[in-house]
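Please read them beside the coordinates.

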Amino acid sequence: MSGGRPPAEDTGVATDADADRTPVEGADVCVIGAGPAGALVADRLAAAGREVVVLEAGPRFDPVDRLARQERAIRPAYDRPDVWDGDPERDAHSASGERFYPLNHARVKGVGGSTLHWQGMVMRLHEDDFNSASARGVGVDWPLDYEDLRPYYAAAERELGVAGADTPFGPPREEPHPMPPFPPSYSDGLFAEACDELGIAMHPVPNARNSEAYDGRSACVGYGTCQPVCPAGAKYDATVHVERAAERGATVIDRAPVRYLEHGADRVEAAVYATPDGEHRQEADAFVLACGGVETPRLLLLSASDRYPDGLANSSGLVGRFFMDHLFAGVGGRLDEPTRQNHVGFLTSESHQFYDDADAEVGPFKLEFFNYAGPSPVELALTGDDWGDALLDRLRDEYGTHVAVGALVEQLPREDSYVALDPERTDDRGDPVPDVHWTVGERARRTIERANEVQAEILGELGAEITWQVGPEDTGPAYHHMGTTRMGTDPAESVVGPDLRAHDLENLWVASSSVFPTGGAMNPTLTIAALALKCADAVEAAL
């Protein structure tokens with residue numbers, strides 16, 4: 001390593017208002033964003049002996065505070081962003097699409113990023129997801145296929161720690177998951193009886209949480225508050241690799257939002273970032289954007305110049321375009337018997353049986369069998385004015401008989417679904433906020449209808465009284481931001497190449513779900529992690 005400065009005590013992560021947030025001299029790589037992608041890139045390059053600096057917009061959260069955050073999470077007075085100290089001015093955004101996009105409901109700015117409050121499901125994309133245009137007749141093909149990413153998927157599963165098992169529907173694997181799957185829950189057994197009658201196969205959910213002690217972290221102890229906080233550390237979050245990178249010599253600077261990238265004709269020269277004590281310039285030989293599907297295009301657009309008047313790396317005009325998310329479909333109801341919901345805070349069973357039936361008319365979707373339908377005893381106890389026997393009667397009446405089946409549905413990439421800069425609204429630094437223009441599309445609506453049909457059949461076979469349905473008209477997002485700096489081989493039709501390097505700049509890479517050309521219907525984090533490891537290899541080869 002060259003240059004740099006000694007890391008802070010223990011971890012090298014600046015956490016307090018008086019910490020040294022000045023630039024690192026002689027940096028080989030500047031990684032922007034300390035979520036799962038940035039953490040994995042930083043760790044891999046630090047392990048290779050590179051001088052790495054990570055700039056993170058939000059704070060470093062003290063792990064000692066997680067029990068307090070858990071208590072905050074279960075109290076109805078606190079909204080979800082409150083658990084991880086969301087800031088309305090810092091995190092301001094707009095939503096100008098046909099549907100309001102609630103961006104701040106499910107994002108965390110801070111070291112660890114969205115993995116601090118994610119559910120932890122980690123699936124590989126199916127083979128046809130990489131070849132949507134060829135196999136399904138819609139969307140586009142990726143510039144790489146499943147076999148290209150397969151070794152990185154395996155490496156990502158080892159890095160995150162995944163508990164899972166082979167399924168009859170997934171793509172081919174080269175080795176078992178690092179840990180055995182979690183056993184089916186009580187309600188999974190109820191669903192299994194109905195699904196057997198309908199010929200629907202259930203199988204374990206691959207989870208990035210420890211079913212047994214792994215990588216120095218304990219097995220899951222069942223707090224049940226996985227979203228939005230795991231106090232035990234059994235669920236993976238990106239602080240694991242942030243701390244590891246710091247131990248290997250990387251410098252991680254928190255509360256350092258990057259305002260724009262200084263650049264020449266074909267190279268990024270510095271990241272200009274704000275801190276509590278002023279503004280700084282971080283120079284480096286290579287830069288990796290790992291800010292997610294919204295903040296990555298926003299930063300590129302904020303970096304417009306005479307050379308790039310429409311935004312950095314945007315000669316194609318596609319930075320911010322093709323914003324995608326996964327859509328939710330669900331059906332729920334009540335059974336006249338105990339279902340033991342809310343004993344498990346995450347999903348243990350799912351079905352990919354219908355996934356590869358996708359074509360141009362109906363997209364892929366996966367079914368999810370809920371373990372947390374209906375109110376929990378804590379939620380009931382902390383709402384209303386009942387006490388004593390009245391509260392016990394309410395608990396007996398309202399708790400433990402709910403069931404629900406959810407689904408994730410693919411949204412196709414569309415140019416009229418995008419992230420742009422709001423010309424009128426600014427954040428706490430005076431920079432234009434992101435404007436999310438979200439458009440769903442008719443194929444997604446048809447897919448939601450199909451998922452609802454299957455879900456209603458399952459609940460009907462169970463004998464449940466259906467009390468609610470989320471369908472095409474009231475669907476919501478899964479908060480999986482994808483597609484806004486798409487990957488491809490043609491610079492006129494994409495932002496980055498298959499090596500994740502920007503077409504327009506020789507020393508800028510993007511490690512993010514923003515590079516996904518299509519989204520499939522699988523939770524994206526394992527693919528993000530696999531691409532991050534691939535990106536790290538590409539950066540190391542170029543240095």
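1. Glu506 has a relative accessible area of 39% and is therefore partly exposed, where buried means under 20% relative accessible area, exposed over 50% and partly exposed in between, with a 1.4 Å probe and protein chains only. Its salt-bridge partner is Arg267, with the closest N and O atoms 2.9 Å apart; a salt bridge is taken as a side-chain nitrogen of Lys or Arg within 4 Å of a carboxyl oxygen of Asp or Glu. The pair links distant parts of the chain, 239 residues apart, since Glu506 sits in the loop between strand 16 and strand 17 (508-510), and Arg267 in the loop between strand 6 (258-263) and strand 7 (268-275). Arg267 also counts as partly exposed, at 31% relative accessibility. Helices (H or I, at least four residues) and strands (E, at least two) are DSSP runs numbered from the N terminus.

2. A word on the basis of these values. The model is predicted, so local features need pLDDT of at least 70 and side-chain atom pairs count only at pLDDT 80 or more, whereas totals for chains, interfaces and linings use all residues. Residues are numbered from 1 along each chain as its sequence is written, and side-chain values use heavy atoms, with hydrogens and water left out.

3. The salt-bridge count comes to 47. One of these pairs is Glu157 with Arg124, at 3.0 Å from N to O; because Glu157 lies in helix 5 (residues 146-160) and Arg124 in the loop between helix 3 and helix 4, the pair ties together parts that are 33 residues apart in sequence. Both Glu157 and Arg124 are buried. Arg414 and Asp416 form a further salt bridge, their closest N and O atoms being 2.9 Å apart, and here Arg414 is partly exposed at 28% relative accessibility, as is Asp416 at 33%. A network of salt bridges links a set of residues that includes Arg90, Asp91, Arg107, Lys109 and Arg259.

4. Where does Thr115 lie? Thr115 is found in the loop between helix 3 (80-83) and helix 4 (132-136), and it counts as buried because its relative accessibility is 1%. Its side chain reaches the backbone nitrogen of Ala238 at 2.9 Å. Leaving aside neighbours within four places in sequence, Thr115 is in contact (heavy atoms within 4.5 Å) with Pro36, Lys235, Tyr236, Asp237 and Ala238.

5. Six strands form an open sheet in the order 4-11-12-13-10-16, with antiparallel pairing, two strands being paired if DSSP finds at least two bridges between them. Strand 4 (203-204) and strand 16 (465-470) stand at the edges with a single partner strand each, so one side of each is left without a neighbour in the sheet. Within the sheet, strand 11 (residues 349-351) is joined to the antiparallel strand 12 (residues 365-369) by three bridges, and Ser349 stands opposite Phe369 in strand 12. Helix 11 (residues 442-462) lies across strand 10 (327-334), strand 12, strand 13 (402-409) and strand 16, and runs at about 20° to strand 10; axes are lines fitted to C-alpha atoms, for helices over the stretch in contact, and angles run from 0 to 180 degrees between N-to-C directions.

6. The structure holds zero disulfides, a disulfide being a pair of cysteine sulfur atoms within 2.5 Å. For Cys230, the nearest cysteine sulfur is that of Cys226, 6.4 Å away; Cys230 is buried, with a relative accessible area of 13%.

Note on methods
A polar contact is a pair of N or O atoms within 3.5 Å; within protein, one must be able to donate a hydrogen and the other to accept it, and residues adjacent in sequence count only if both atoms are side-chain atoms.
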